[in-house]
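Here are some friendly notes to read alongside the structure. Please keep the 3D view open and find each residue as you come to it.

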Amino acid sequence: MKKIILAALSVAALCLFGCEDSASAKGCQRVAYCYKTSDAPNQRKCDLDKVVAEEKAREAEEAGNLSTPLYEDCWDF
């Protein structure tokens, strides 16, 4: 019985906290693409459009201002 409850809790945790891009495991309402710059290291810059975010991150990198490469973030609103 403990194993079944533990397995059920594990699956529930994956559903709640997982940020999958597949339609079957919707942990995120929206996936945002973010990066950070050296001039504002505590502030992430995000966009819901991956192409736009990649372009902005590339521009920051070319300017020598990129401190964190592009990464995916989960926005639940």
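1. Let us begin with a charged pair. Arg44 and Asp73 form a salt bridge, and their closest N and O atoms are 1.9 Å apart. A salt bridge here is a side-chain nitrogen of Lys or Arg within 4 Å of a carboxyl oxygen of Asp or Glu. Side chains of opposite charge can pair when their charged atoms come close.

2. A word on the model itself: it is predicted, so local features need pLDDT of at least 70, side-chain atom pairs count only at pLDDT 80 or more, and totals for chains, interfaces and linings use all residues. Residues are numbered from 1 along each chain as its sequence is written, and side-chain values use heavy atoms, with hydrogens and water left out.

3. Arg44 is partly exposed, at 41% relative accessibility, whereas Asp73 is buried, at 18%. Buried means under 20% relative accessible area, exposed means over 50%, and partly exposed is in between (1.4 Å probe, protein chains only).

4. The whole structure has four salt bridges. One of them joins the side chains of Asp47 and Lys56, at 3.8 Å from N to O. Lys56 is partly exposed, with a relative accessible area of 37%.

5. Next, please find Glu62 and Arg58, whose side chains meet in a salt bridge of 2.4 Å, N to O. About one helical turn separates Glu62 and Arg58, because they are four residues apart in helix H2. Glu62 is exposed at 59% relative accessibility, while Arg58 is partly exposed at 34%. Through salt bridges that share partners, Glu55, Arg58 and Glu62 belong to one network.

6. Is Ala53 buried or exposed? Ala53 is buried, with a relative accessible area of 1%, and it is found in helix H2 (residues 50-62). Beyond its neighbours within four places in sequence, Ala53 is in contact (heavy atoms within 4.5 Å) with Tyr33, Tyr35, Asp47 and Leu70. The C-alpha atoms of Ala53 and Tyr71 are 9.6 Å apart, and these residues are 18 residues apart along the chain.

Notes:
Helices (H or I, at least four residues) and strands (E, at least two) are DSSP runs, numbered from the N terminus.
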